[in-house]
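Visitor: I'd like to learn how to read a few features of a protein model. Could you walk me through one?

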Amino acid sequence: MVCLGNICRSPLAEGILKQKALDASLNWQIESAGTLNFNSGLPPHRFSQKVALINGIDINQKRSREFKSEDYLEFDKIYAMSLDVIADIKKIAGPAYDADKTALLLDELFPGENKEVPDPYSGTEPEFHDVYKMIAEACDRIVQKYAAPAK
């Protein structure tokens, strides 16, 4: 899960998908990162922490980290929160960039529509609740899609 600073959207997405995977008895490795380096080591935004806790998910111990090209070796899927994040991922990853492994998170709900999870950083608490709901719906779809039994 990747956003710009790894303090608002992507730590929420990491926490939500970890909880949903756990609830579905899936042994997935899920992390989040940011494409900008100025937040490295910081905890999630206070509203991200609050909204997660209201929904039974504790992301308070999460610390931001930078996205790195090696993430393509470690993870099967890289979800970006917005198109500018995908552009940043391409620059950071260089030749390691893999378009088949990279997608907008909301493509899980709206394939091919390039819908983005809005960045609530400068917004109000209700905007963080809206973002939580969008991410949770996309994470439900991910669990349904990838946890489905092979046919």
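This is a predicted model: local features need pLDDT of at least 70, side-chain atom pairs count only at pLDDT 80 or more; totals for chains, interfaces and linings use all residues.

Visitor: Let's start with helix packing. At what angle do the axes of helix H1 and helix H5 cross?

Guide: The general idea first: two packed helices are described by the angle between their axes and the distance between the axes. Here, the axes of H1 (residues 9–23) and H5 (residues 125–147) cross at roughly 40° and come within 9 Å. That angle makes H1 oblique to H5. The crossing of H1 and H5 is right-handed.

Visitor: Which residues make that contact?

Guide: On the H1 side you have Arg9, Leu12, Ala13, Ile16, Leu17, Lys20 and Ala21. H5 brings Phe128, Val131, Tyr132, Ile135, Ala136, Cys139, Asp140, Ile142 and Val143. Sorted by type, the residues of this H1 and H5 contact come out as 13 nonpolar, three charged and no polar.

Visitor: And how do H2 and H5 cross?

Guide: Helix H2 (residues 46–54) and H5 have axes that come within 9 Å and cross at roughly 55°. So H2 is oblique to H5, and the crossing of H2 and H5 is right-handed. Phe47, Ser48, Lys50, Val51, Ala52 and Ile54 of H2 meet Glu125, Phe128, His129 and Tyr132 of H5. The residues of this H2 and H5 contact divide into six nonpolar, two polar and two charged. Phe128 and Tyr132 of H5 are listed in the contact with H1 and in the contact with H2.

Visitor: Now the helix face. Which residues of helix H4 are buried?

Guide: An α-helix has 3.6 residues a turn, so residues three or four places apart point the same way. In H4 (residues 83–93), the buried residues are Val85, Ile86, Asp88, Ile89 and Ala93. Look down the axis of H4 and these buried residues fall within an arc of 160°, so they line one face of the helix.

Visitor: What do the buried residues of H4 pack against?

Guide: They pack against strand E1 (2–3), H1, helix H3 (71–74), strand E3 (78–80) and strand E4. Just after H4 comes Gly94, with a positive phi of about 55°.

Visitor: What about residues with a positive phi that are not glycine?

Guide: Most residues other than glycine have a negative phi. Ser25 is not a glycine, yet its phi is positive, about 60°. You'll find Ser25 in the loop between H1 and strand E2 (33–34). Asn114 is not a glycine either, and its phi is positive at about 55°. Asn114 sits in the loop between E4 (102–104) and H5.

Visitor: How exposed are Ser25 and Asn114?

Guide: Ser25 is exposed, with a relative accessible area of 69%. Asn114 is partly exposed, at 44%.

Visitor: One last stop: Leu4. Is Leu4 buried or exposed?

Guide: Leu4 is buried, because its relative accessible area is 18% and the cut-off for buried is under 20%. Leu4 is placed in the loop between E1 and H1.

Visitor: Which residues is Leu4 in contact with, leaving aside its neighbours within four places in sequence?

Guide: Arg9, Gly34, Thr35, Leu36, Asp84, Val85, Asp88 and Asp119. Take Leu36: Leu4 and Leu36 are 32 residues apart along the chain, and 5.5 Å separates their C-alpha atoms. Val85 and Asp88 also belong to the buried residues of H4.

How values were computed: Residues are numbered from 1 along each chain as its sequence is written. Side-chain values use heavy atoms; hydrogens and water are left out. Axes are lines fitted to C-alpha atoms, for helices over the stretch in contact, and angles run from 0 to 180 degrees between N-to-C directions. Helices (H or I, at least four residues) and strands (E, at least two) are DSSP runs, numbered from the N terminus. Angles under 35 degrees count as roughly parallel, over 145 as roughly antiparallel, 65 to 115 as roughly perpendicular and the rest as oblique. A crossing is left-handed if the near helix is turned anticlockwise from the far one by less than a right angle, and right-handed if clockwise. Contact means heavy atoms within 4.5 Å. Ala, Val, Leu, Ile, Met, Phe, Trp, Tyr, Cys and Pro count as nonpolar, Asp, Glu, Lys and Arg as charged, and the others, Gly among them, as polar. Buried means under 20% relative accessible area, exposed over 50%, partly exposed in between (1.4 Å probe, protein chains only). The arc is that of the directions from the helix axis to the C-beta atoms.
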